[in-house]
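Please walk through this structure with attention to its open spaces, and then to the packing of its side chains.

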Amino acid sequence: MTAINTFKKATAKAFNTSILEKKRMAWVDYLRGIAIILVVYRHVLLGLQRANMDIPVSLVYANMIFYSFRMPLFFILSGIFINGSLSRRPVGKLVYTKFENLLYPYFIWSFIQITLQIILNKYSNSDRSLIDYTYILYQPRGLDQFWYLPALFNCSVIYLFLKVKVRLPIWAQLLAGVTFYIAAPYCSAISMFSDWMEFYIFFALGDAVSKIFFEEKSQRLFNSTWTGLIMIPIFAATQLYYLYKAGPTGASIGQLPFLAVALIGCFSMFVLAFRFQKWDILRWLRVLGFHSLYIYVMHVMIAAFTRSVLSRVFGIHSTPILLLVGIAVGVTVPVIIYNTLIKDNIFWFLFSLQKPQKKNKKVPETIAA
């Protein structure tokens with residue numbers, strides 16, 4: 001029994017399962033958990049493609065379906081909570097927090113990943129060189145998964161500036177979002193600009209609906225069984241339309257049609273997350289959602305290392321096996337690494353600018369008095 005209890009405690013620490021008992025909005029973690037699995041799926045599949053593996057067309061189509069809404073989800077979610085963040089702290093402090101949580105990890109982990117890819121160049125399919133370090137400053141799209149972090153930071157800061165300093169009303173923010181969205185492809189040469197421009201509209205939409213989102217009527221809508229049943233055929237129809245128009249090559253279907261497909265996909269995932277919350281099932285998704293940032297920055301390196309070992313050492317070249325194992329380690333190992341080596345530990349600086357303070361032991365009442 002002692003060994004079993006020790007194992008349970010070690011597992012609970014490694015995955016920080018205590019968050020399941022905290023007062024959190026479960027649907028948020030469910031939503032992030034769903035999105036981060038879809039992100040890992042895409043990048044593991046791309047790694048297999050770059051390694052010249054034989055990819056079934058069904059897996060390619062699945063990746064395209066997920067592509068249409070997985071990243072807009074994160075931006076909409078951030079927009080929904082921006083007002084709440086502003087109510088708890090001044091704008092300057094909020095921008096600093098965004099820097100520490102988004103841009104700082106971007107600089108640290110993109111540097112780490114590029115360095116490892118250069119050192120292990122003959123074992124990877126990334127083909128990195130010293131020039132790739134300069135991409136950190138202006139072309140994050142060239143750095144695999146990392147573009148999202150500066151995009152969300154830039155989007156948040158610009159939105160806050162227009163909201164707080166310029167006092168731009170929400171209708172004007174939405175108009176600005178549409179303008180940025182249309183103009184983004186013309187700025188793709190510098191993705192540090194084009195990335196936040198492309199997703200600004202989703203951030204603004206999140207803020208626009210935030211006032212009614214938490215109303216009882218809206219919550220009933222998301223929790224309704226009928227809403228879920230209605231959204232199934234709508235979601236399927238829009239995704240089939242997207243696949244038909246884009247084809248296996250992922251050709252562009254046009255910005256406005258893609259925007260509509262993405263929003264329907266996002267709404268469907270919100271409904272799904274609320275259903276999971278109501279049923280209280282697949283709680284491991286909540287754990288992944290809580291740790292989504294740490295999974296995001298580490299999963300490409302871990303999945304690539306796993307693929308290389310399985311194929312080169314063990315001679316495994318089955319696409320389904322490499323894909324499933326890559327996803328499994330890509331979403332679990334970063335969580336374990338963070339909770340055992342980084343959080344409150346010697347490598348705290350990989351995600352934070354300030355060393356975490358040690359928790360004080362409880363002082364007896366007599367001494368405290």
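The lining of the largest pocket divides into 21 nonpolar, 10 polar and 10 charged residues, where Ala, Val, Leu, Ile, Met, Phe, Trp, Tyr, Cys and Pro count as nonpolar, Asp, Glu, Lys and Arg as charged, and the others, Gly among them, as polar. This is a predicted model, in which local features need pLDDT of at least 70 and side-chain atom pairs count only at pLDDT 80 or more, while totals for chains, interfaces and linings use all residues. Residues are numbered from 1 along each chain as its sequence is written, and side-chain values use heavy atoms, with hydrogens and water left out.

A pocket here is an open set of points on a 1 Å grid over the protein atoms alone, where a 1.4 Å probe fits, with protein on both sides within 12 Å along at least five of seven lines, and its lining residues have an atom within 4 Å of a point. The largest pocket has a volume of about 1,500 Å³, a volume being the space filled by probe spheres set on the points, which are joined across faces, edges and corners. Of the 41 residues that line the largest pocket, Arg32, Asn101, Phe290, Leu293 and Tyr294 lie nearest its centre. Helix 6 gives the most to this lining, with 7 residues, helices being DSSP runs of H or I with at least four residues, numbered from the N terminus.

The second largest pocket holds about 980 Å³ of space and is lined by 47 residues, of which Gln113, Gln117, Asp144, Val300 and Met301 lie nearest its centre. Two or more residues of that lining come from each of helix 2, helix 4, helix 6, helix 10 (191–213), helix 15 and helix 16, and helix 15 provides the largest share, 11 residues. By class, the lining of the second largest pocket divides into 26 nonpolar, 13 polar and 8 charged residues.

Turning to the packing, the largest nonpolar core has 98 residues, and those with the most contacts inside it are Trp27, Trp109, Tyr148, Phe270 and Phe351; such a core is a set of buried Ala, Val, Leu, Ile, Met, Phe, Trp, Tyr and Cys residues joined through side-chain atoms within 4.5 Å. Helix 2 (residues 26–50) gives the most to this core, with 15 residues. Leaving aside neighbours within four places in sequence, Tyr148 is in contact (heavy atoms within 4.5 Å) with Met71, Phe74, Phe75 and Tyr296.

Thr227 lies in helix 12 (residues 225–246). Thr227 counts as buried because its relative accessible area is 9%, the term meaning under 20% with a 1.4 Å probe and protein chains only.

Conventions:
Buried means under 20% relative accessible area, exposed over 50%, partly exposed in between (1.4 Å probe, protein chains only).
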